[in-house]
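Let's walk through this model together, one element at a time. Have the sequence and the structure open as you read.

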Amino acid sequence: MTITDWPRTAAGSDPETASPAAVSGTPAPVSRTTGVVSETAEFVSETETGSGTKPSPGRLSISQKWIVAAIVAAALALAGIGLYLSFAHVAAFAHTELRFGSLNKGRLFAVGVDIGIMVMIAVDLVMAWLKRPISWIRYPVWLLTAATVVLNAASGAPKDRAWGLMDYVAAGAHGVVPVLFIMVVEVGRDSIDRIVRPDQAERDSIPLIRWVLAPIATPRIYRRMRLWGITSYPEMVRRDQELIAYEQWLKRKHGGDISEASEDELLPMRMAPYGYTVAESLAMPDQQEQAAAERDEKAEQRGRDAETRKILAEKKAEADRARAQGLLDTEIARIAGQTGEAQAHSQAQISAAERAAELELQALDNAVVAEARAREAEAGRVEAEERKAAAEADLAKAELERKAAEQRRAAAKADKIAAAEAGAIETERIAQARKATAAADLEAAELERQAAQKRKEAAEADQVAAAEAQAIETQAIAEARQAAAEANRRAAETEKAAAETRRAAAEADRKKAEEDSRREAALADAARSREAAAEADRRAAETRRAAAEIERRAVEAEDAAKLKPRERAVRKVARMILAAGGEADQLPLTKIQHELAVTSPGTASEYRQEAAELLAGGYRPQN
């Protein structure tokens, strides 16, 4: 081994200070790292009361109860004696020296002080019996007891001469009984505390021989034990030996100049006054760096979680906005559809009404015109019939005149023949005149006939014109009806457009209903997810409750078995290993340190190893 190597062991144990394990009830050291400096032999573990730390098993026997009763009676007798001895002196001193108005008031003062002491002592003992000790209540008791001792001593002080040796002895004698009573009370309080709390760790006392042999270093050890809660004196000695050995090793490493050591190497000397071991001090930088890395990692994780939550919130807000925009668009489309439908319907109704009114007006006009034309045609027809009748009358008249003319011509011929036959020769001029007259009459009759024929044709033409006019009026009415049909067609197209608008509005309503259905489905899924999460939380709570119940039963079993603190800690680690899956390597040392409030990883590793051995031996907590 070179001078720079860490020493594995220190000097061997002193056989004179070692004792069998059965004599010392002190548990193993709290912190035991791998490769310790020294394997210090176990010391005789003396508590502050001078007895061992192993609690008395079982209940008190009959004889022990009688002994306890006798001790209580003796303590009460001692208290009565102390009160009797101090009462008169304190009352008289209070009356004469403390300026109480009368002796009775001095006696009340003495009674009040004694009753106050007894009440606080009774409360202290009762609270210790109820496992709820009040640590500060003993100090007022000590203070009041000291006050009574001083008052008793002052009552016997000489007044007219200097203090002599016997005066000091007398003053000290006044405090013997109160001090004895307080000692008895403290012993009783400690006994009650040990009976009601047998599993409480007890503090070892430092052997008297060490105070004599090391009067400078021993107070420093005592101070560290009290400040940092180190109850085991052998553990404290081992830590001191480790520190001394480490300091010597550090001197060898740096050639005797310990100032050349780094800050990390000087940590054990600097942290020893604060209760840290050498291994804990050397591991502190790594632990702090690991803790800083864990904090940085947690901070980064929190940042990532915050970023993720921010992104999720933004996405959710975008989804809500899109959903709201969709609902708004759907509502706008529905309102626009309804508005368009109403507008188209009203426009169609207005157009149809206007067209119907126009057609009615046009039909009315056409009807008026047709009626006027019909009246005109009827008048023309009547006139034509009249002209026809007149023509027929003229024709009949002409026929009659023709017949008359023929008759006259026949008469004239007969007259000519008669005149010729009678032998009356008329002159040629008279005959020609008669002939011309007859021809003229014949020609006039022919003209009259032709005129009547023309009037008849004119009447027929008027009838045809009236029929044609009536046909023209019928065509106009047909055109009006066609225009009305066209208007009805356009109104039907407008109604069709309105129906299409209504269909679009119905489609928008259907899409809105589908969107509402999808939203309700999403809300239902979210509700089911929340129910599943609540069920998972409930199951986790049930699991934790079962684990807590197992832990409670295990603690009750350990209380019944009166196990030592280390045995309880090992069993707790064993239950932690079972909860982690049954493999000891799966349980982190940091978790053991956190649960057991252990600062040393080495001690946590020992707990885990012993717990694994305990599980291998068949240990299982009661379910």
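**A helix and its partners**

Helix H2 covers residues 103-129, and its 27 residues should span 39 Å at 1.5 Å a residue, which agrees with the 39 Å between its end C-alpha atoms. That expected span is 1.5 Å times one less than the number of residues; helices are DSSP runs of H or I, at least four residues long, numbered from the N terminus.

This is a predicted model, where local features need pLDDT of at least 70 and side-chain atom pairs count only at pLDDT 80 or more, while totals for chains, interfaces and linings use all residues. Residues are numbered from 1 along each chain as its sequence is written, and side-chain values use heavy atoms, with hydrogens and water left out.

Which residues of H2 are buried? They are Gly-106, Ala-110, Val-113, Asp-114, Ile-117, Met-120, Ile-121, Asp-124 and Ala-128, where buried means under 20% relative accessible area (1.4 Å probe, protein chains only). These buried residues pack against helix H1 (62-96), helix H3 (138-155) and helix H5 (176-196). After H2 comes Lys-131, with a positive phi near 65°.

Now turn to helix H6 (residues 208-213), where Leu-213 lies. Leu-213 counts as exposed because its relative accessibility is 66%, and exposed means over 50%.

Finally, a word on confidence. pLDDT, the predictor's confidence in each residue, runs from 0 to 100; the protein chain averages 76, and 78% of the residues score at least 70. Over residues 1-57 the pLDDT is below 50, and this stretch has 101 contacts in the model beyond near neighbours in sequence (contact means heavy atoms within 4.5 Å).

Key:
Helix = DSSP H or I, 4+ residues; strand = E, 2+ residues; numbered from the N terminus.
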